[in-house]
Amino acid sequence: EKWLIVGLFISGLSTSAQCGDVDVRSRLMGYEWQLQSEQWEGLGFDPSKELITIVNNQQEAAHLKARAIAVLGLFPSPVVWDLFSQLLVESEVVVQRRMVDTICNSFSSQYPARLEALIGGYIDHPDAHLRLRVAKCLGVLGTATALQIVDQYRQKLQASDQTWELDLLGG
């Protein structure tokens, strides 16, 4: 009887150790999934490690990776900054667009100078939607350099025939 209780206790420990990953993964599921910060608050543990594992897993479904990235934005840390920076540099343009939004929302107050340095060069990217997202983020930063970059971008648009892009930029 004593060994049965010890065995049940040990199996309970291993189950609860696995619960974090199962719980994190289950919170990313659902056909109409939306990021809800309250769903991730008060977990009793930091889900970043499990989320980063999902993002870095080459075999993982793209939609789960995208959701994990969105959730990681709720847990800004130096490790998450490094991951997001790497993803911005190494990803295709569709992911880069999302990464600019996520990095800006997560790190604009924590790392404004680093953020400005990371995204500033993307203002000349061939993709207009990425440029607009970069300009929006730089405007949020509001530093003298960031605003100068946005102003130069606006002047460039005014001198071109990209009126739709200028309209979306706001002027």
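Buried, in these exercises, means under 20% relative accessible area. The model you're looking at is predicted.

**Exercise 1.** Find the disulfide and work out which parts of the chain it ties together.

*Solution.* Start with the count: it comes to one disulfide. Next, pick out the partners. They're Cys104 and Cys137, and their sulfur atoms sit 2.4 Å apart. That passes the test, because a pair of cysteine sulfur atoms has to be within 2.5 Å. What does such a link amount to? A disulfide is a covalent bond between the sulfur atoms of two cysteines.

Cys104 belongs to helix H6 and Cys137 to helix H8, so the pair joins parts that are 33 residues apart in sequence.

**Exercise 2.** Decide whether Cys104, Cys137 and Glu165 are buried or exposed.

*Solution.* Take them one by one against the cut-off. Cys104 has 6% relative accessibility, so it counts as buried. Cys137 comes in at 2%, so it's buried too. Glu165, in helix H10, has 0% relative accessibility and therefore counts as buried. To see what's around Glu165, leave out residues up to four places away in sequence; it then touches Ala128, Arg131, Leu132, Tyr153 and Leu157.

**Exercise 3.** Describe the largest nonpolar core and say where its residues come from.

*Solution.* First, the size: this core has 46 residues, and Leu28, Phe84, Ile103 and Ile119 have the most contacts inside it. Then check the helices. Those that each supply at least two core residues include H3 (48-56), H5 (78-90) and H9 (144-158). H8 gives the largest share, seven residues.

Now zoom in on Leu28. Skipping residues up to four places away in sequence, Leu28 touches Trp33, Trp40, Leu51, Ile54, Leu64, Arg67, Ala68 and Val71.

**Exercise 4.** Which helices each supply at least two residues of the lining of the largest pocket, and how do the lining residues divide?

*Solution.* Begin with the space: the largest pocket holds about 510 Å³. It's lined by 19 residues, and Lys65, Ile69, Leu87, Ser91 and Val95 are the closest to its centre. Next, the helices: H3, H4, H5 and H6 each give at least two residues of the lining, with the largest share, five residues, coming from H6. Last, sort the lining by type: eight residues are nonpolar, four polar and seven charged.

Note on methods:
Residues numbered from 1 in each chain as written. Predicted model: local features only at pLDDT ≥ 70, side-chain atom pairs only at ≥ 80, totals over all residues. Heavy atoms only, no water. Core = buried A, V, L, I, M, F, W, Y, C linked by side-chain atoms within 4.5 Å. Buried < 20%, exposed > 50% of the residue type's maximum accessible area, 1.4 Å probe, protein only. Helix = DSSP H or I, 4+ residues; strand = E, 2+ residues; numbered from the N terminus. Contact = heavy atoms within 4.5 Å. 1 Å grid on protein atoms, 1.4 Å probe; cavity = no way out; pocket = protein on both sides within 12 Å on 5 of 7 lines; lining within 4 Å. Points joined across faces, edges and corners; volume = space filled by probe spheres on them. Nonpolar A, V, L, I, M, F, W, Y, C, P; charged D, E, K, R; others polar.
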